[in-house]
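Biologist: I'm new to reading structures, and I'd like some practice. Could we go through a few features together?

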Amino acid sequence: MKTFKTLLVVWCFLAVCSAQALAQNYRFTKVIDDPYINYDVKNYDGKVVWCSYSGTGNNSEIWLYDGKEAKQITNNSVSDIKPDIYNNQIVWLREGSSYGVWDVYSYKNGSEEKLTYYNASDDFVRYDSGYASGGPKVCNGMVVFPAAAKIGDTDSAWISMVKYQNGVISKISSPSTTPGINDYPDIQNNIIAWSQMYYPQVSGPYGWQLVIYNGTENVIPGFFQSSFIPQVDNGQVVWSGSSISTGNNDTE
């Protein structure tokens, strides 16, 4: 018991010292004070977006801290999740009317815009949470996200990577000659990276590949059991993966 008390005092002392040291070098700002669950936080240049879950109606809403005050961006009876922000543009997923189907929305200068669309007899672009997991990403007005998409073609059974720019939505991943899922995008300037689940043969093993797009699609050599959540920063792309042969996790 004496040992426990001594360690507890030492830990508290170190914690206080650390807090004092941080206080000398950093400024802490509480952006919101409420009893709700706030999660999935993203920031850009002093602005912060996040999801807030109140428990009311079992749905989440998007909030923004603009550097001065926090304000609620969405307020409806469905869930809004997976936000991202760049400059004054926010993007996120909104729950659709069908189970597993979501829409991508954008908010800019006080105006909300739906980016995805569906027409059963024609083209469609929609987010399917049964296959995709990564949310939309935005940079310099370009929005990228995974979607079940049929845009002037018949390649709609699996998940493509699409971009929205200047009012036009288009595929940036190649048509799937074999089943595949493109997911977990990231973007900075004109460089986009994502993970692609690839089936070398319908009855054989599957794996993940890294794809980098800078006007053309480039599949990085390698075949991984996993290659998740690449990040793009300052012209560099980093990701983690485990190889088929060893199963070891590596960071590239």
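Biologist: Thanks! To begin, does R94 count as buried or exposed?

Modeller: Keep in mind that this is a predicted model. The general idea is a cut-off: a residue counts as buried when its relative accessible area is under 20%. R94 has 11% relative accessibility, so R94 counts as buried. You can find R94 in strand 6, residues 89-95.

Biologist: Which residues does R94 touch, not counting those up to four places away in sequence?

Modeller: R94 touches T74, N76, V78, S79 and D80, and also W102, D103, Y105 and E112. Look at E112 in particular: its side chain and that of R94 are joined by a polar contact of 3.1 Å.

Biologist: Now let me try S54. Where is S54 found?

Modeller: S54 sits in the loop between strand 2 (47-53) and strand 3 (60-65). Its relative accessible area is 31%, which lies between the cut-offs of 20% and 50%, so S54 is partly exposed.

Biologist: And which residues is S54 in contact with, leaving aside neighbours within four places in sequence?

Modeller: Those are Y36 and N59.

Biologist: Which strands each supply at least two residues of the lining of the largest pocket?

Modeller: They are strand 1 (37-44), strand 5 (80-86), strand 10 (137-139), strand 14 (180-188) and strand 17 (217-233). By class, the lining of the largest pocket divides into seven nonpolar, three polar and five charged residues.

Biologist: What volume does the second largest pocket have?

Modeller: The volume of the second largest pocket is about 190 Å³. Its lining has 15 residues, with K42, G134, G135, K137 and P185 nearest the centre. Strand 1, strand 5, strand 14 and strand 17 give two or more residues each to this lining.

Biologist: How many nonpolar, polar and charged residues does the lining of the second largest pocket have?

Modeller: There are six nonpolar, four polar and five charged residues in the lining of the second largest pocket. Nice work with your questions!

Technical notes. Residues numbered from 1 in each chain as written. Predicted model: local features only at pLDDT ≥ 70, side-chain atom pairs only at ≥ 80, totals over all residues. Heavy atoms only, no water. Helix = DSSP H or I, 4+ residues; strand = E, 2+ residues; numbered from the N terminus. Buried < 20%, exposed > 50% of the residue type's maximum accessible area, 1.4 Å probe, protein only. Contact = heavy atoms within 4.5 Å. Nonpolar A, V, L, I, M, F, W, Y, C, P; charged D, E, K, R; others polar. 1 Å grid on protein atoms, 1.4 Å probe; cavity = no way out; pocket = protein on both sides within 12 Å on 5 of 7 lines; lining within 4 Å. Points joined across faces, edges and corners; volume = space filled by probe spheres on them. Polar contact = N/O pair within 3.5 Å; in protein donor to acceptor, adjacent residues only side chain to side chain.
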